[in-house]
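Subject: Structure handover

Hello,

Here is the structure I promised to pass on. Please have a look, then read my notes below.

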Amino acid sequence: MSVSLYSASVPVFNRMFAQLLHVLDIAEKNAGERKIKLEVLVAARLAPDMHPLSFQIQSATDRAKFFVARVTGRDAPSWEDSEKTFDDLRARIRKATDYLATFQPSDLDELSEKLVTVKIAGE
C-alpha cells in the first residue's frame, strides 16, 4: 500500500493538534481542582533541562507549518512566540490547524521525489 505525502503529514499533524488541545483541557481542569494558576503551567518544565510548555506548543506548531511550507515551496507564516496563557496556546494550535487547511492533497502528493534543502545555521 502506498502512502501519500499529504496523508502521512497533514492528517498526522491535525491529530497531534487535536490531542494537544485535549491535553490542555485536562491540564486546565486538573489545575482548577488543585488551585494551580494556569500561567504557572504555561511556564512549567517537566525537567530542568527541558523547555517550558509554551515552547513545546510553539515548537510543535512550527514543525508542522515549516514542513508543509518547505516541501511545497511556500513561505511559512511568521508567528510571534508570545503565548502566556492556555487560551494563547489554544489559539496557536488553531492557527496551525487553519494554516494546514490551506493545503490540499495535490499540493503535496506530487512532491514525493522532490529534494528539499534545509540550511542549518553555521554550516
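With which side chain does the side chain of Glu83 make a polar contact at 3.2 Å? The partner is the side chain of Arg92. Please keep in mind that this is a predicted model.

**Glu83**

Glu83 sits in the loop that runs between α3 and α4. Its side chain has another polar contact, with the side chain of Gln58, at 2.6 Å. Is Glu83 buried or exposed? Glu83 counts as buried because its relative accessibility is 8%, and the cut-off for buried is under 20%. Setting aside neighbours within four places in sequence, Glu83 is in contact with Val42, Ser54, Gln58, Asp88, Leu89 and Arg92. One of these, Leu89, is also listed among the residues with the most contacts inside the largest nonpolar core.

**The core**

The largest nonpolar core holds 22 residues. Within this core, the most contacts belong to Phe17, Val68, Phe86, Leu89, Tyr99, Leu100 and Leu108. Four helices each supply at least two of the core residues: α1 (10-34), α2 (38-42), α3 (53-72) and α4 (86-100). The largest share is from α4, with six residues. As background, nonpolar side chains in soluble globular proteins tend to be buried together.

**Tyr99**

Tyr99 is part of helix α4. Tyr99 has a relative accessibility of 13%, so it counts as buried. What does Tyr99 touch, not counting residues up to four places away in sequence? The list is Lys65, Val68, Ala69, Asp75, Ala76, Pro77 and Trp79. Val68, like Tyr99, is named among the core residues with the most contacts. Take Ala69 as one of the partners. Ala69 and Tyr99 are 30 residues apart along the chain, and 9.9 Å separates their C-alpha atoms.

**Where to look**

I would open the view on Glu83 with Gln58 and Arg92. Then go to Tyr99 in α4.

Best wishes

Definitions and conventions
Residues are numbered from 1 along each chain as its sequence is written. This is a predicted model: local features need pLDDT of at least 70, side-chain atom pairs count only at pLDDT 80 or more; totals for chains, interfaces and linings use all residues. Side-chain values use heavy atoms; hydrogens and water are left out. A nonpolar core is a set of buried Ala, Val, Leu, Ile, Met, Phe, Trp, Tyr and Cys residues joined through side-chain atoms within 4.5 Å. Buried means under 20% relative accessible area, exposed over 50%, partly exposed in between (1.4 Å probe, protein chains only). Contact means heavy atoms within 4.5 Å. A polar contact is a pair of N or O atoms within 3.5 Å; within protein, one must be able to donate a hydrogen and the other to accept it, and residues adjacent in sequence count only if both atoms are side-chain atoms.
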